[in-house]
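Here is a short briefing on one protein model. Look over the sequence and the structure, then read on.

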Amino acid sequence: MPLPGRRGAPVDWLIVGLGNPGSEYERTRHNIGFEIARTLSRRWELPKPKTRFRGLLSEGRTGPGGPRVAVLLPQTYMNEAGLSVRPARGALGAELDHVLVLHDEIDLPFGDIRVRLGGGLAGHNGLKSLKQGLGSADFGRVRVGVGRPPTTDPDLVAAYVLGRFSEPRADVEAVVERAADAAERVLRDGLEPR
């Protein structure tokens with residue numbers, strides 16, 4: 001049933017790619033969520049995104065008879081992503097366990113991909129903002145390992161995640177494709193609670 005003020009049916013899944021807007025952040029570790037979201041939008045041949053909910057939003061189906069999806073790239077900066085995702089989820093009618101967040105994870109080695117529903121926030125400011133905006137951390141995640149610098153200094157860690165990948169671009173693109181595959185499996189098979 002359509003929501004008030006909305007044309008059409010609610011979405012089955014809200015896919016959120018985390019990152020920071022602006023060309024200076026393109027191809028950085030922190031923006032791998034944006035790259036995965038764009039890859040999914042291309043695979044599903046979704047229309048060009050429109051500016052909505054303080055983000056870039058594209059809606060459609062994953063294929064003939066596939067689930068209705070909305071792919072959102074918040075343009076609020078990472079630490080305020082919840083300000084974009086909260087109103088989008090409300091307007092689009094996505095259940096909390098059908099919000100799937102694509103994000104970088106420094107606690108995983110480069111290239112490791114893990115999928116889960118809920119769990120801790122691991123100091124990730126984007127996830128903290130989403131928990132605050134959504135009222136819970138019980139949303140799905142595709143966690144993409146970007147590696148950790150050999151330091152615990154917060155300034156050096158921040159510089160690391162905001163820096164570009166040192167790995168070959170072909171390796172990064174392969175990780176993005178595998179993470180998109182993982183997201184598609186979630187849409188097909190669902191997620192089990194932790």
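Helices (H or I, at least four residues) and strands (E, at least two) are DSSP runs, numbered from the N terminus. The model is predicted: local features need pLDDT of at least 70, side-chain atom pairs count only at pLDDT 80 or more, and totals for chains, interfaces and linings use all residues. Residues are numbered from 1 along each chain as its sequence is written, and side-chain values use heavy atoms, with hydrogens and water left out.

**Overall build**
- The protein has five helices and seven strands.
- Along the sequence, the pattern reads β-α-β-β-β-α-β-β-α-β-α-α.
- The radius of gyration is 16 Å, close to the 16 Å that the globule rule gives for 194 residues, so the protein is as compact as a globular protein of that length. This radius is taken over C-alpha atoms, and the rule is 2.2 Å times the number of residues to the power 0.38.
- Along the principal axes, the C-alpha atoms fill a box of roughly 50 × 35 × 30 Å.
- Take contact as heavy atoms within 4.5 Å. Of the contacts with a separation of 6 or more, 71% join residues 24 or more positions apart.

**Cores**
- Buried means under 20% relative accessible area, exposed over 50%, and partly exposed in between (1.4 Å probe, protein chains only).
- Buried residues make up 50% of the 194 residues.
- A nonpolar core is a set of buried Ala, Val, Leu, Ile, Met, Phe, Trp, Tyr and Cys residues joined through side-chain atoms within 4.5 Å.
- The largest nonpolar core has 33 residues, and Ile 15, Ile 36, Leu 100 and Leu 102 have the most contacts inside it.
- Elements giving two or more residues to this core include strand 1 (13-17), helix 1 (32-43) and helix 5 (169-189). Helix 5 gives the most, with nine residues.
- Another core, of 23 residues, lies apart from it; Ala 88, Val 101, Leu 127 and Leu 130 are among its members.
- Leaving aside neighbours within four places in sequence, Ile 36 is in contact with Leu 102, Val 144, Val 176, Ala 179 and Ala 180.

**Positive phi in loops**
- Arg 27 is found in the loop between strand 1 and helix 1. Its phi is near 60 degrees, a positive value in a residue other than glycine. Arg 27 counts as partly exposed because its relative accessibility is 44%.
- Tyr 77 is in the loop between strand 4 and helix 2 (82-92). Tyr 77 is not a glycine, yet its phi is positive, at about 80 degrees. At 37% relative accessibility, Tyr 77 counts as partly exposed.
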